[in-house]
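User: I am new to this structure. Please show me how to read its features, one at a time.

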Amino acid sequence: MKPFQKFDAIAREKIDSYLAAHSLERNYRSYRPQKGFGDMSFDFQRSGLNLNQEEIAGLSDKYVTFKPVGKFVNAIYDRQEFAKAALEEGMNGNLFKFDKKMESILVEHTSANPTGPLHIGRVRNSIIGDTLSRILSKYGYTVTTEYYVNDIGTQVEALLIGTEKFGSENYTESYRKVYDDFDSYKAKVEEYMVRAESGDTEFLKTSKEKLEIFLNDVLMDLKKLSITFDTFVWESEFILNGGVRDIIARLAPLLKDDGGAKYLESGQDKMYLIRTNGTSVYFTRDIAHHLRKSTQYDRCITVLGEDHKSYFKKIEYAMEILGVHNVSALFYSYISTKEGKMSTRRGNVVYVRDFIDEAIDRAREEIIKRRNDLSEEQISEIANKIGVAAVRYHIIKYSPDKPVTFDWEEALNFDGDAAPFVMYSYARARSILSKSEESSEIIWEFEEPESELMKEISLYPEVVDDAMMHSRPDKIARYSYNLAGAFNQFYRDCPVLDSGESLQRRIEIVRIFTRTMEELFQMLGIQASDKI
């Protein structure tokens, strides 16, 4: 049993037994309090009970001390007993194990139109989706990541026309030229739309071959951020495989007519599925896409920008009609630089590839300032790891619903809430382990900084649980920062290499800290380095 589970169970059993013995209702709320208020708090405000404070305090034993304060009871776990249990669970690896879940989850993210290299304003989708997938996988689920490729639509057809007229070498510029003079190309765009939406197989095949080349640009940039996909689904598939026809047939009794166009009605909303020319719209194909996902996986999560909330409500409405209840969305607010929001159409973009290169260059400058003992090869390797980690961490550390303005100084901070700080703490611990000579015996007498670090480490399972339950990958980043801070406090107060009879105990503490950080780095998509 994990340390907090064990001690929480002891505390609850004591409280529950007391209530039962006094024929009192078990009506309280228990939660992990802020530091300074114990390890578990029991809130009896709803019950209205006037607790006998002496009797409650008398429940204390060698594991738990109870301190009643008004209608609250704070439980404080014995420092020695808890630290010993935590160290044992860390050493045998149980602290990091999660039961295998018999449930499959699909996480669809990014799904950007391949109209140009990915820009930094859109990459938050990718980083949130990838980090969430890693958390779910760590928690024991079977996770599949999906990229839904839009190969039909105004932007896509404009791209294809632009590359035909102006060339494919700089396809983003070709696309932009069409958009800048859209009225001149509107008829051609509509012609291509009809060909695609009517299922012109030759046209769709040719389009897909060209779009795959452009899509590869996006995927190469994401790979630099350690983001890859398990499966790709193309929008046109649902025209070619009959998915759209099936949706129309199943919804036919509810569809209303508007001069040949067909739509669903919900309140004042008219959700069009078929145009007057008989072709389907994106919404219809997206319903078919979500329906197929729902049959292949137990749970389906789509990562979407906050401006898609009203659109996704329409998807949910259609899914409700179809009897589908296992699709959901995780919405996020947008990221910008200090120059403002970005748009591929307007041309005021910062591409991810350039952003990563700048992050690496800035990390390189910091490393050179701090280390004069590294080879050029080592500097390059470390700079690459720190640069990529700085981008991922700085974007993921904010709750998805909070907007982010990217700040280089903050992202590359070696002394604050940033990737370099947590990576440096890990490297410091690895350096200690590389210089240590292990003894054979552990002396189980913990000093306060040791027990405090072990308590912070012991929060790992419930932090992962919390991040998973609430789709909050930012909680993993926040915890890694708190844990790094706790380790640095331990490092200042508790020498390891010259600690005499405490040596083996402290080596094990440092080893478990590094293991915890490695688990967190895996979820955050950070590549650790021993030489920062």
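User: How many aromatic pairs does the structure hold?

Analyst: This is a predicted model. It holds 34 aromatic pairs.

User: How is one such pair described?

Analyst: Two values describe a pair of aromatic rings: the distance of the centres and the angle of the planes. Take Phe406 and Trp408.

User: Are Phe406 and Trp408 buried or exposed?

Analyst: Phe406 and Trp408 are both buried.

User: Which residues form an aromatic cluster?

Analyst: One cluster is made up of Phe4, Phe7, Tyr63, Tyr77 and Phe82.

User: Where do lysines lie over rings?

Analyst: Here are two cases. Lys84 lies over the face of Trp444, 5.0 Å from the ring centre. Lys101 has its charged end over the ring of Tyr141, at 5.8 Å from the centre.

User: What should I know about phi?

Analyst: Most residues other than glycine have a negative phi. Ser23 is not a glycine, yet its phi is positive, about 55°. Thr110 also has a positive phi, near 70°.

User: Where are Ser23 and Thr110 found?

Analyst: Both sit in loops. Ser23 is in the loop between helix H1 (3-21) and strand E1 (29-31). Thr110 is in the loop between strand E5 (104-108) and helix H4 (123-138).

User: Is Ser23 buried or exposed, and is Thr110 buried or exposed?

Analyst: Ser23 is exposed, with a relative accessible area of 69%. Thr110 is buried, with a relative accessible area of 2%.

Technical notes. Residues numbered from 1 in each chain as written. Predicted model: local features only at pLDDT ≥ 70, side-chain atom pairs only at ≥ 80, totals over all residues. Heavy atoms only, no water. Phe/Tyr/Trp six-rings, centres within 6.5 Å; stacked < 30°, edge-to-face > 60°. Buried < 20%, exposed > 50% of the residue type's maximum accessible area, 1.4 Å probe, protein only. Lys NZ or Arg CZ within 6 Å of the ring centre and 35° of its normal. Helix = DSSP H or I, 4+ residues; strand = E, 2+ residues; numbered from the N terminus.
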